Amino acid sequence: MAYVLFTLSVLLVMGFVGFSSKPSPIYGGLALIVSGVVGCVIVLNCGGVYMGLVMFLVYLGGMMVVFGYTTAMAIEEYPETWGSGLEVLGGLLVGLMMEVVLVLWVLSLDETVVVSFSDTGDWVIFEGEGSGLIRGDSIGAGALYDYGRWLVVVAGWTLFVGVYIVIEIVRGN
Amino acid sequence: MTPTYMNIMLAFTISLLGMLTYRSHLVASLLCLEGMMMSLFIMATLTASNTHFPLANIMPIILLVFAACETAVGLALLISISNTYGLDYVHNLNLLQC
């Protein structure tokens, strides 16, 4: 279990090979969702509880759902999966083989795989009578609304303009 | 350069290669773009956690927000292509003719 972070990153690469070998997009979306789950677990392993939650909600719960039904609109009758045709299968096998060779080479180098990743743990504050407990990443992301308030205003305005752009593109002509 | 960082950068490169090569669908390249954004998010979050610099967690969140916006614009283009041509095949995009 000391190698769990490295194993998860290997699984992440394999998931990425799964949608980069370009099957039909509905299967690519499935591989992206699996990669997203693995990536979220990687983030959670390094102490980023809030960031993992944001990724799950916004990314997998929001954007992948939108991708799913947009792909369902523009799909052909017999979608092409990983086993149907040599191009996709060849790409997948080449990618997996490359990852296996790389992992074996790295593990044979006899360097420390695990030690550099220490988890942040919780930061304990001692404030007078009691003691509080904060997580580093949720406090850091909350600082977006404190130090970065102008960034929030600019990003909000940009997204508002972006929504108008999307409406104009879809309306066409 | 720990092997976990190497794997995440490798995932970014694989997605980049997937985005730059077209097969038949256009939305597959948009999916690879999403993969690139996700690997950047993971790498930035891991860096912010491991260097004990919580303020750097702002960057992945803003990156995710703008990646979502970019996805919306890409999907809107896809919808307008799909409304004109029926499917989003890349070889339908032949207005440029060169």
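From the N terminus on, the elements of chain A follow the order α-α-α-α-β-β-α-α, giving six helices and two strands. Helices (H or I, at least four residues) and strands (E, at least two) are DSSP runs, numbered from the N terminus. The model is predicted, with local features needing pLDDT of at least 70 and side-chain atom pairs counting only at pLDDT 80 or more, while totals for chains, interfaces and linings use all residues. Residues are numbered from 1 along each chain as its sequence is written, chains are lettered from A and ligands numbered from 1 in the order in which they are written, and side-chain values use heavy atoms, leaving out hydrogens and water.

Of the 173 residues in chain A, 38% are buried (under 20% relative accessible area, with exposed being over 50% and partly exposed in between; 1.4 Å probe, protein chains only). Among the contacts in chain A with a separation of 6 or more, 63% join residues 24 or more positions apart, a contact being heavy atoms within 4.5 Å.

Turning to the cysteines, the structure holds zero disulfides over all chains, a disulfide being a pair of cysteine sulfur atoms within 2.5 Å. For C40(A), the closest cysteine sulfur is that of C46(A), 12 Å away and therefore too far for a bond. C40(A) counts as buried, at 2% relative accessibility, and C46(A) is likewise buried, with a relative accessible area of 4%.

A helix pair in chain B comes next. Two packed helices are described by the angle between their axes and the distance between the axes. In chain B, the axes of helix α1 (residues 3-20) and helix α2 (residues 27-50) come within 8 Å and cross at roughly 160 degrees; axes are lines fitted to C-alpha atoms, for helices over the stretch in contact, and angles run from 0 to 180 degrees between N-to-C directions. The crossing angle makes α1(B) roughly antiparallel to α2(B), a term for angles over 145 degrees. The contact draws on residues of α1(B) including Y5(B), I8(B) and F12(B), and on residues of α2(B) including C32(B), M36(B) and L46(B). By class, this contact has 13 nonpolar, seven polar and no charged residues (Ala, Val, Leu, Ile, Met, Phe, Trp, Tyr, Cys and Pro count as nonpolar, Asp, Glu, Lys and Arg as charged, and the others, Gly among them, as polar).

Helix α2 of chain B also holds T45(B), which is buried with a relative accessible area of 1%. Not counting residues up to four places away in sequence, T45(B) touches V43(A), M51(A), N57(B) and P60(B).

Note on methods. Angles under 35 degrees count as roughly parallel, over 145 as roughly antiparallel, 65 to 115 as roughly perpendicular and the rest as oblique.
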